[in-house]
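Here is a friendly walk through one model, from its overall build to the surroundings of its ligands. Please keep the structure open as you read.

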Amino acid sequence: MLSSAEIKRAALTVGFDACGVAPAGALTDEEYPLRQWLAKGWHGGLDYMERNVDKRMDPRQLLPGARSVICCVSAYPPPETAGGVAAYARTREYHKVVKNMLFALREQLGIEGKCCCDTVPISDKHWATRAGLGWIGRHTLLVTERWGSWVNLGEIVTIEECDVYDTPLPSGCTDCNLCVEACPNHAIGDKMIDVRRCTAYYTTHHQRELPPEVDAHGYTQGCDICQLACPYNR
Ligand code: SF4
Ligand code: SF4
């Protein structure tokens, strides 16, 4: 049986800024409307999202017998200026750092488990929500009280049980709609992004030709506009 207090202490020791633990289980369609998003075709050419839907919705499909998801947050600096390269894209190399910190945490805890960062089919932000680290904002990113959405995430999925599990926080979005209103391309829908209208889709992972109706607003890689509008990011 893992100690929640010990996990969190160890996570800070290896360099994470925050950590929470959730019991492994299935996400609901309401929490993570992946199937609805795919059915609408809002994933555009992100064909890989059509694969491993069962694993994305339930980490027990990723690691049979999984009992706990240890979720870790690593905050990164907010952008100093708008435009150009988005803050997230500037920290892309940071995934390697997060992965190494996950390996170090796993070793320190002496457990077996799957370290997940970026390439594993699991939804980081929904597990961070389950682990009480923040909530899903209307722009569909994780929002933390302390660092807003300027965070990278990683998880260890393990068969170990934990003595105490964290519980999700209530949404802090209340009646705010600033990110939705700020998007120059009206890409943010009902808890989903229509990537075909989103600048980041064309300029972050794969360079795709920007259609004339998508306004990049001075961004050459990614886009921070909806995040910059968020009160938790100020
Ligand atoms: S990243 Fe930019 S284009 Fe995409 S939803 Fe946010 S504001 Fe809109
Ligand atoms: S801008 Fe408002 S609605 Fe959007 S994520 Fe931030 S708090 Fe939530």
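## Overall build

With 234 residues, a compact globule would have a radius of gyration near 17 Å, and the protein agrees, at 17 Å (taken over C-alpha atoms; the globule rule is 2.2 Å times the number of residues to the power 0.38). This is a predicted model, in which local features need pLDDT of at least 70, side-chain atom pairs count only at pLDDT 80 or more, and totals for chains, interfaces and linings use all residues. Residues are numbered from 1 along each chain as its sequence is written, while chains are lettered from A and ligands numbered from 1 in the order in which they are written.

Along the principal axes, the C-alpha atoms fill a box of roughly 55 × 35 × 35 Å. The secondary structure comes to ten helices and eight strands, which are DSSP runs numbered from the N terminus (helices H or I, at least four residues; strands E, at least two).

## The core

Of the 234 residues, 39% are buried, that is, they have 20 or more other C-beta atoms within 10 Å of their own, against 12 or fewer for exposed and in between for partly exposed, with C-beta atoms placed from the backbone. The largest nonpolar core has 59 residues, and C71 and C72 have the most contacts inside it; such a core is a set of buried Ala, Val, Leu, Ile, Met, Phe, Trp, Tyr and Cys residues joined through C-beta atoms within 7 Å. This core lies between domain 1 (4-158) and domain 2 (178-233), because both give residues to it; the bounds come from an automatic or database domain assignment.

What does C71 touch beyond its neighbours within four places in sequence? Its contacts (C-beta atoms, placed from the backbone, within 7 Å) include C19, W127 and L153.

## Around the ligands

A residue counts as near a ligand if its C-beta atom, placed from the backbone, lies within 6 Å of it. Ligand 1 is surrounded by residues including H139, C183, C198, C223 and C226. Helices α9 (199-203) and α10 (225-228) are the elements that give two or more residues to this shell. Around ligand 2 there are 13 residues, of which G137, C173, C176, C179 and C230 come nearest. That shell draws at least three residues from each of domain 1 (4-158) and domain 2 (178-233).

| Shell | Nonpolar | Polar | Charged |
|---|---|---|---|
| Ligand 2 | nine residues | three residues | one residue |

Here Ala, Val, Leu, Ile, Met, Phe, Trp, Tyr, Cys and Pro count as nonpolar, Asp, Glu, Lys and Arg as charged, and the others, Gly among them, as polar.

Methods
Two residues are in contact if their C-beta atoms, placed from the backbone, lie within 7 Å.
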